[in-house]
Amino acid sequence: MFSKRMVMIVGAIVLIVVNVIVLSVNSKRPVPSTGIGKFTISIVSPFQEIVSDSINFVKGIWKHYFLLISVSEENARLNHSLKQAEEKNNRLKEVELSHDRLKKLFEFKETLYKRVVAAEVIGRDPSPWFKTVIINKGSREGVERGMPVVIPEGIAGLVTDVSKTYAKILLVVDQNSAVDALIQRNRARGIIKGEPSGRLLLQYVQRKHDIHVGDVVVSSGLDGAYPKGIRIGYVHEVDRPDSGIFQQLAVTPYADFEKLEEVLVVLDPPEKPEIQEP
């Protein structure tokens, strides 16, 4: 009924099971080693070693798996903490930069001897042809159309439209802007006009005036819009034609209008120049 091979396999399994039981019993009570015991050990021990190694291997994999899970969770937690720290550091950096700008702005305010209101730039015209910005102060704070807007670097622009809580500023670099200006060194007078490139031109300066690259340009106060003596920029190029009565000067503004964030609106009207009666 059973083949010899099957009988031998079953017998071997029975022998191994019996020997395992014998070894287990004998391990609880020491007995003198006999020939049968030695034979049993030599047969069963390799199988026990294989089983033991397999169990230890599975335990090791299981332990390693949970260790990896733990490390992964710890790594995720640390990454989250790092991102929070970086975000907090960035916010603190922004607060520090804002504090420095406002400190500079209010130090400049003390030199004006005029009533001003500080405002924050909250929007700008996306068009490359117009240079205007929106500030978060309006008629509620006393801002009116035509008021000059300044920054520590000099003139920023002029208020053109006002609502209750907002105002629109035409920057001095806009091509529709015009400022009556002086060369600070020799008082040569001209008109500052904006360009789409963000540069300025000082036009209608008489050829008789000796203008140097680096000369400072300031507001004259004669246009009735801007206070007198506020910086505008410096001359970086002089175009003196061979004919004609005027020379044209390219002026670089001191302010970087692409980075404009806070401004001062001058609430007091500029002092009108005295006109001498003949």
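In this predicted model, residues 24 or more positions apart account for 58% of the chain's contacts with a separation of 6 or more, where contact means heavy atoms within 4.5 Å. Local features need pLDDT of at least 70, side-chain atom pairs count only at pLDDT 80 or more, and totals for chains, interfaces and linings use all residues. Residues are numbered from 1 along each chain as its sequence is written, and side-chain values use heavy atoms, with hydrogens and water left out.

Let's start with the whole chain. It holds 2 helices and 12 strands, running α-α-β-β-β-β-β-β-β-β-β-β-β-β from the N terminus on. Helices (H or I, at least four residues) and strands (E, at least two) are DSSP runs, numbered from the N terminus. Of the 278 residues, 29% are buried, meaning under 20% relative accessible area with a 1.4 Å probe, protein chains only. The accessible surface is about 18800 Å², with 59% belonging to carbon and sulfur atoms; this area comes from the Shrake-Rupley method with a 1.4 Å probe.

Now to Ser220, in the loop between strand S9 (216–219) and strand S10 (231–239). Ser220 counts as buried because its relative accessibility is 4%. Leaving aside residues up to four places away in sequence, Ser220 touches Asp180, Ala181, Leu182 and Lys228. Here are two distances from its side chain:

| Partner of the Ser220 side chain | Distance |
|---|---|
| Asp180, side chain | 2.6 Å |

Conventions
Buried means under 20% relative accessible area, exposed over 50%, partly exposed in between (1.4 Å probe, protein chains only). A polar contact is a pair of N or O atoms within 3.5 Å; within protein, one must be able to donate a hydrogen and the other to accept it, and residues adjacent in sequence count only if both atoms are side-chain atoms.
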